[in-house]
There are 2 protein chains.
Amino acid sequence: MAESWDDLIAGLKQGSVRSLARMITAVENRASGWMEAMKRVHSDGRKAGVIGVTGPPGSGKSSLTDKITWELVQAGRSVGIIAVDPSSPYSGGALLGDRVRMRDVSILPGVFVRSMATRGALGGLTWAAHDVVKIMAAFGKDVILIETVGVGQDEIEVVKTADLVMLVCVPGQGDAIQAIKAGVMEIADLFVVNKADLDGADRVVADVEAMLDLCSNSVRARPPVLKTAACTGGGVPELVAAVQSMLELRSEDRSRRKVRAKEELVRLLSTEIARLVHEKWNQDGSMASAVEDILSSRKDPYSITQEMLAPVAAYLK
Amino acid sequence: MAESWDDLIAGLKQGSVRSLARMITAVENRASGWMEAMKRVHSDGRKAGVIGVTGPPGSGKSSLTDKITWELVQAGRSVGIIAVDPSSPYSGGALLGDRVRMRDVSILPGVFVRSMATRGALGGLTWAAHDVVKIMAAFGKDVILIETVGVGQDEIEVVKTADLVMLVCVPGQGDAIQAIKAGVMEIADLFVVNKADLDGADRVVADVEAMLDLCSNSVRARPPVLKTAACTGGGVPELVAAVQSMLELRSEDRSRRKVRAKEELVRLLSTEIARLVHEKWNQDGSMASAVEDILSSRKDPYSITQEMLAPVAAYLK
């Protein structure tokens, strides 16, 4: 690293956007010492309201995120945006689509936009989103919007770490029931029917309400359904007001905080174990020789796994 | 377990569908002794051609899978179908959609259909798909189709373990470029434009070809683009013929086998480590007390992770 963690954290506290960006990159890359740095960021204790924005491709999530941001900036709040992208195993990022578009809001005062790729099972970048939220909060962001490109499993995992999850749907995407899959439905605290100026918006609202009737239970509050037209900004002030009052209620919900704390811990533990183990086995050549053993049929992958994990298993007994 | 692994494996070899189903469940659940059982299944050495079928929701993947299955059964092959579903954190399965539909092909002779949920980060069910493929192969299936509901990251991870990945797209889903995300594009060995009887099919073919022009490189063979109409079965015989000749070429590709072997090993190692560690921490109460420490701000999650992993890290040094 060109700069020390001390420099980065000092820059962060002084409001340097450059330090913010570099600190995020260093934590994403799990640069040596990242955990110590995150302890300091965490102990700072600054909290931001975190809003997840998800929904099928083409539902206008980016435009809506931009309009919400604009509204928040007008009200004097500073905003961080994390755009989560399904990543490519080859290019390491999205090939085409939302990410290449310029974002008007990124030039507003107090707004910081960051794209993150969701990597494969062990990439861990997905999980780093939670760390990035904390870094942005320590920098002084009041509200952080996590926006996904689609509704893939990884994107859902990221977005559900938010204090409040907004599911955006639109008329004219064929069968709304198909597009809004189970699992996404159930993490939504708030439904937004976007492009409400299009024909069929009321039918989408009715469909969503019908699904909520079907899924409603006494455990969770019934999510409200709001209409917006992100292109014109219609309905956005009402949406932002609803979000803010929901965020205030949320911060007092201990059972939700408990679930989130456990999820975060499990995430950290899992990615760290995987990282430690693979680092060692890639370095000492045992991974390469194991692959050769499989290819030549000398050993099967199950026996190799048992052999490699025997010491870990013995320690845990 | 009601039955021993010996009974299940004996039943499997004798062609008992009931043993097949129970063995899959036991391996999915990581029932005690599952690795020993998988060693025996693996050493059997029976291989099947594995075809992944993926694409956006509504592209008709299920119907196409059914038509391909029908065609294969006519030709005397036995077929296994694994339908991969994004799972819900609450219901543990899909709420609505493809999975509730009856599948006509499931009553064909020699066809076995199994649904699997993709669980969260530690669920491991996703990764068990590879084990299920081996169990189906040992049972005697010639061809195994892995079909996903959507194109989520987890689903892609599952489908890319196939010998050959088919990406299904359709006209009329708005911007095809948006729907076919990077990462999905790049794992596709074959593109199928389904519902080719609809207007716009030729435009989708042209879009896909244009994307392939953009992404083509000398490392991978350019994937063919075929048209089908799954409802009528049009184009399906040609598709099956193409798939079979591609599968034959594939089995000789050592560099691909090497990549797959490494991926399988990493998957097995990671899920087993995570399972071992979390089993211990959940049993000995250290997870519960750690969560309380976080909620009461006595400790931060980063420090707890370091403490809990210190012995593992020390062992790996």
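Here are some notes on this predicted model, taken point by point.

1. **Chain A overall.** Chain A has 12 helices and seven strands. Of its 317 residues, 49% count as buried. Looking at contacts in chain A between residues at least 6 apart in sequence, you'll find that 75% join residues at least 24 apart.

2. **The nonpolar core.** Which residues touch the most other members of the largest nonpolar core? That core has 166 residues, and the answer is Ile135(A), Ile144(A) and Ile146(A), along with Ile135(B), Ile144(B) and Ile146(B). As background, nonpolar side chains tend to be buried together in soluble globular proteins. To see one of these isoleucines in place, take Ile144(B): leaving out residues up to four places away in sequence, it touches Ala48(B), Val50(B), Gly80(B), Ile82(B), Val133(B), Met136(B) and Ala137(B).

3. **Val27(A).** This one sits in helix α2 of chain A, residues 17-28. Is Val27(A) buried or exposed? It counts as buried because 21 other C-beta atoms lie within 10 Å, and the cut-off for buried is 20 or more. Setting aside neighbours within four places in sequence, Val27(A) is in contact with Trp34(A), Ala37(A), Met38(A), Ala128(A), Asp131(A) and Ile135(A). Ile135(A) is also one of the core residues named in point 2. For a sense of how the chain comes back on itself here, Val27(A) and Ala129(A) are 102 residues apart in sequence, yet their C-alpha atoms are 9.9 Å apart in space.

4. **Val105(A).** Have a look at the loop between β2 (79-86) and β3 (111-118) of chain A, where Val105(A) lies. Val105(A) is partly exposed, with 19 other C-beta atoms within 10 Å; buried would take 20 or more. Not counting residues up to four places away in sequence, Val105(A) touches Asp66(A), Thr69(A), Trp70(A) and Val111(A).

5. **Where the two chains' α10 helices meet.** Helix α10 of chain A and helix α10 of chain B, each covering residues 254-283, have axes that come within 10 Å and cross at roughly 130 degrees. The two helices are therefore oblique to each other, and α10(A) passes α10(B) in a right-handed crossing. On the α10(A) side the contact is made by Leu269(A), Ser270(A), Ile273(A), Ala274(A), Val277(A) and His278(A). On the α10(B) side the residues are Val266(B), Leu269(B), Ser270(B), Ile273(B), Ala274(B) and Val277(B).

6. **α11 against α12 in chain B.** The axes of α11(B) (residues 286-295) and α12(B) (residues 301-316) come within 10 Å and cross at roughly 155 degrees. That angle makes α11(B) roughly antiparallel to α12(B), the cut-off being over 145 degrees. The crossing is right-handed. Ser286(B), Ala290(B), Asp293(B) and Ile294(B) of α11(B) meet Pro301(B), Ile304(B) and Met308(B) of α12(B).

7. **α4 against α9 in chain B.** How are α4(B) and α9(B) set relative to each other, roughly parallel or roughly perpendicular? The axes of α4(B) (residues 61-74) and α9(B) (residues 236-250) come within 10 Å and cross at roughly 75 degrees, so the two helices are roughly perpendicular. Lys67(B), Ile68(B), Glu71(B) and Leu72(B) make the contact from α4(B), and Val236(B), Pro237(B), Leu239(B) and Val240(B) make it from α9(B).

8. **One buried face on α1(B).** In helix α1 of chain B, residues 5-13, the buried residues are Trp5(B), Leu8(B) and Leu12(B). Seen down the axis of α1(B), they fall within an arc of 65 degrees, so they line one face of the helix. The general point behind this is that an α-helix has 3.6 residues a turn, so residues three or four places apart point the same way. Just after α1(B), Gly15(B) has a positive phi of about 85 degrees.

9. Arg30(A) is not a glycine, but its phi is positive, at about 50 degrees. Arg30(A) is in the loop between α2 and α3 (34-43) of chain A, and is partly exposed, with 17 other C-beta atoms within 10 Å. Ser297(A) also has a positive phi, near 60 degrees. Ser297(A) lies in the loop between α11 (286-295) and α12 (301-316) of chain A. With 10 other C-beta atoms within 10 Å, Ser297(A) is exposed.

How values were computed:
Residues numbered from 1 in each chain as written. Chains lettered and ligands numbered in written order. Predicted model: local features only at pLDDT ≥ 70, side-chain atom pairs only at ≥ 80, totals over all residues. Buried ≥ 20, exposed ≤ 12 C-beta atoms within 10 Å, placed from the backbone. Helix = DSSP H or I, 4+ residues; strand = E, 2+ residues; numbered from the N terminus. Arc of directions from axis to C-beta. Contact = placed C-beta atoms within 7 Å. Core = buried A, V, L, I, M, F, W, Y, C linked by C-beta atoms within 7 Å. Axes fitted to C-alpha atoms, helices over the stretch in contact; angles between N-to-C directions. Parallel < 35°, antiparallel > 145°, perpendicular 65-115°, else oblique. Left-handed = near helix turned anticlockwise from the far one by under 90°.
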